[in-house]
Amino acid sequence: QWLSDRKKRALQKKDVDIRRRIELIQDFEMPTVSTKIKVSRDGQYIMAVGTYKPRIRCFDTYQLSQKFERCLDSEVVTFEILSDDYSKIVFLECGRFVEFHSQHGHYYKTRIPKFGRDFSYHYPSCDLYFVGASSEVYRLNLEQGRFLNSLQTDASESNVCDINPVHFLFAMGTVEGKVECWDPRTRNRVGLLDCALSSVTADTEIEGLPSISALKFDGALNMAVGTSTGQVLLYDLRSSNPLIVKDHHYGLPIKSIQFQRQLDLIISADSRIIKMWNKDTGKIFTSMEPDHDINDVCLYPNSGMLMTANEAPKMNIYYIPVLGPAPKWCSFLDSLTEELEENPESTVYDDYKFVTRKDLENLGLAHLIGSSLLRAYMHGFFMDIRLYHKAKMMANPFAYEEYRREKIRQKIEETRAQRVQLKKLPKVNKELALKLIEEEGEEQQVTRKRKQKNLPSLLKDDRFKIMFENPDFQVDEQSEEFRLLNPLVSKISEKRKRKLKILEELEAQEQEEEEEPEGKASDAESSESSDDEKGWVEEVRKQRKLLRQEEKVKRQERFKEDQQTLLKPQFFEIKEGEEFRSFKVSAKKQKLMKKTLGDRLKLEEKLGTLNVSDTTVGSKQATFKLKKSEQQKKQQEAEKQHRQERRTLRRSASHLKSRRGRGRLFH
């Protein structure tokens with residue numbers, strides 16, 4: 001943007017991406033921010049308002065450039081194009097001003113009593129309906145040039161309003177989350193919808209009371225309502241309940257609602273996302289998230305073009321061929337999109353490979369983190385695909401051979417699958433699989449005779465597939481649990497087979513029309529069940545005896561191993577300044593600590609370290625003698641020895657002095 005035209009042209013010659021850019025309308029932007037965008041009814045002019053400074057810009061689609069620009073005194077809340085072209089425009093401004101513009105420019109300005117938020121134009125009566133920070137709806141008649149009696153509503157404030165283009169019903173959305181419908185002919189309220197209550201469903205989480213932030217009619221009977229908490233409600237005017245409730249799941253106010261009639265879509269937008277969804281089913285068609293916050297969305301009539309006003313200088317233009325054809329003034333977009341579909345071009349990331357930290361460590365390229373060869377993205381990095389292939393060849397030079405073998409193996413398996421396949425047992429749990437196959441075959445025979453539905457097999461169920469593939473799930477037949485349960489399992493299977501045979505015999509007897517006395521089958525079953533129980537108990541006892549014998553053998557082996565092992569002495573190091581004490585002393589100390597305080601006091605009285613005596617007042621006096629540690633005793637003995645040595649030295653010194661004095665006297 002700050003480059004000169006000369007430098008831009010030079011850059012276009014060098015940069016291929018800039019040459020591929022399509023600029024439909026020259027300088028389709030605002031100085032800072034664009035707030036509203038609309039298309040004239042004849043489709044020739046696109047008008048947008050924004051800041052800063054407050055202004056309107058009109059773009060001519062036939063010339064693909066800007067037609068004119070007009071600056072305003074205050075920021076525009078919303079505006080409406082009254083004529084087919086740009087000759088009659090009405091602006092609602094922040095300072096309660098209503099400004100009229102004609103083809104040459106500013107025409108007239110007036111004020112409304114309260115701050116306005118939205119307005120609609122009633123074509124049959126030439127009335128402007130203003131809603132805002134008031135309970136009244138102000139009416140300004142453009143034919144007479146004066147204000148008419150306002151409509152008194154039950155709402156404290158209103159946010160949006162709209163007039164049905166078929167029967168001209170006036171609807172307004174309030175702060176309380178209600179929609180009031182008025183008949184302009186009688187100036188009476190004809191309906192009231194509580195949208196705040198209907199927007200609360202089981203899947204939605206709403207904080208606070210939702211107010212109405214967007215309102216749009218579709219035909220004579222449909223009306224879409226957007227709330228400040230991010231829900232869109234589609235109503236049939238004949239019912240007070242919504243047909244469908246669509247949640248944006250962002251909790252942001254709905255700013256714009258448009259209807260796309262060719263595909264029965266609703267285009268709803270908040271400041272973050274534009275969603276297109278089917279108005280009958282609510283199924284998402286597509287969604288778009290621009291880089292900047294959205295202020296308004298405008299659908300170019302009878303086409304697949306979409307324009308947005310954003311919190312950025314550039315106003316975005318989107319073309320979706322599925323929604324409709326390109327407008328007449330940019331019909332070349334259709335041929336461009338067809339060429340793009342036929343010749344898909346490589347994207348930016350086609351020449352790069354996404355790798356994680358673990359992949360880099362496996363390739364031995366972890367030292368490249370932080371360098372220009374790796375670009376951090378999400379939970380990994382982008383690296384050049386050529387560097388990736390080179391590193392992979394060095395790390396695993398036989399990767400291509402392995403890949404080739406794997407492909408050959410897959411081809412062979414595909415050809416084998418076309419042959420007649422025999423039932424093969426899996427590698428893991430073969431006996432269990434064989435048992436399941438046998439039981440499945442028996443159950444299928446019974447279900448065919450009874451004409452019942454077959455139950456799914458465990459072998460074909462994906463949830464239990466790993467049990468026959470992973471060797472970790474192999475049944476250990478030598479374990480104690482299996483050996484104790486195996487008789488029960490085998491007997492249950494034998495019992496099942498016998499029951500199946502009995503059922504077959506009963507069915508054969510019914511076919512021959514021969515009746516048996518009641519209770520015979522039950523007696524047979526009871527006798528068989530008692531025999532089975534006896535046999536099962538005997539087998540369990542045998543298994544338990546075998547387990548006990550195995551345990552005895554194991555114990556004997558452990559005992560022999562213990563006898564053969566030689567015990568080596570263990571040495572412990574004592575800390576400096578401490579002396580070794582016998583284990584008996586520590587054991588006595590532990591026993592003493594377990595005793596109660598009273599028992600310890602009695603023991604100390606016996607040893608003489610504690611003396612308890614009664615006083616005159618009635619209380620008791622206890623005197624303790626502290627036990628001296630071994631180190632203290634040694635220190636006292638050393639001090640005592642030192643004193644004795646000093647005494648002996650003093651005595652010897654005094655004795656010598658006395659002898660010398662006697663000698664001098666004698667001399």
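User: Which residues make the nonpolar surface patch of about 250 Å²?

Analyst: The model is a predicted one. F332 is found in helix 4, residues 332-342. At 38% relative accessibility F332 counts as partly exposed, because that value lies between the 20% and 50% limits. The nonpolar patch is made by I22, F332 and L336.

User: How many helices and strands are there in the protein chain, and what share of its residues count as buried?

Analyst: The protein chain holds 13 helices and 32 strands. Burial here means under 20% relative accessible area. Of the 667 residues, the share that counts as buried is 32%.

User: Which residues gather in the patch of positive charge on the surface, and where does R548 lie?

Analyst: The patch of positive charge brings together R541, K542, R544, K545, R548 and K552. R548 has a relative accessible area of 54%, so R548 is exposed, the limit being over 50%. As for its place in the chain, R548 lies in helix 10, residues 520-564.

User: Which residues form the negative surface patch, and is E481 buried or exposed?

Analyst: The negative patch is formed by E431, D476, E477, E480 and E481. E481 lies in helix 9, which covers residues 480-511. With a relative accessibility of 55%, E481 counts as exposed.

User: How far apart in space are K427 and N470, C-alpha to C-alpha?

Analyst: K427 is found in the loop between helix 7 (399-417) and helix 8 (430-450). At 79% relative accessibility, K427 counts as exposed. K427 and N470 are 43 residues apart in sequence, and their C-alpha atoms are separated by 8.9 Å.

User: Which residue forms a salt bridge with R41?

Analyst: Side chains of opposite charge can pair when their charged atoms come close. For R41, the closest N and O atoms of the pair are 3.4 Å apart, within the 4 Å limit, and the partner is D84. The pair links distant parts of the chain, with R41 in the loop between strand 1 (33-39) and strand 2 (45-51) and D84 in the loop between strand 5 (76-81) and strand 6 (89-93), 43 residues apart.

User: Are R139 and D127 buried or exposed?

Analyst: The side chains of R139 and D127 meet in a salt bridge, 3.8 Å from N to O. R139 lies in strand 11 (residues 136-141) and D127 in strand 10 (residues 127-132), so the pair ties together parts that are twelve residues apart in sequence. Both R139 and D127 are buried.

User: In the salt bridge of R189 with D154, is D154 buried or exposed?

Analyst: The closest N and O atoms of R189 and D154 are 2.7 Å apart. The pair links distant parts of the chain, R189 being in strand 16 (residues 188-194) and D154 in the loop between strand 12 (146-152) and strand 13 (158-163), 35 residues apart. R189 counts as partly exposed at 36% relative accessibility. D154 has a relative accessible area of 63%, over the 50% limit, and is therefore exposed.

User: Which residues are linked in a network of salt bridges?

Analyst: The count of salt bridges comes to 18. The residues linked in a network are R55, R57 and E69.

Notes. Residues are numbered from 1 along each chain as its sequence is written. This is a predicted model: local features need pLDDT of at least 70, side-chain atom pairs count only at pLDDT 80 or more; totals for chains, interfaces and linings use all residues. Side-chain values use heavy atoms; hydrogens and water are left out. Patches are made of residues with over 30% relative accessible area and no salt bridge: like charges are joined within 9 Å, nonpolar side chains (Val, Leu, Ile, Met, Phe, Trp, Tyr) within 5 Å. Accessible areas come from the Shrake-Rupley method with a 1.4 Å probe; for residues, only the protein chains shown count as cover. Lys and Arg count as positive and Asp and Glu as negative; His and the chain ends are not counted. The place of a charge is taken as NZ of Lys, CZ of Arg, CG of Asp or CD of Glu. Helices (H or I, at least four residues) and strands (E, at least two) are DSSP runs, numbered from the N terminus. Buried means under 20% relative accessible area, exposed over 50%, partly exposed in between (1.4 Å probe, protein chains only).
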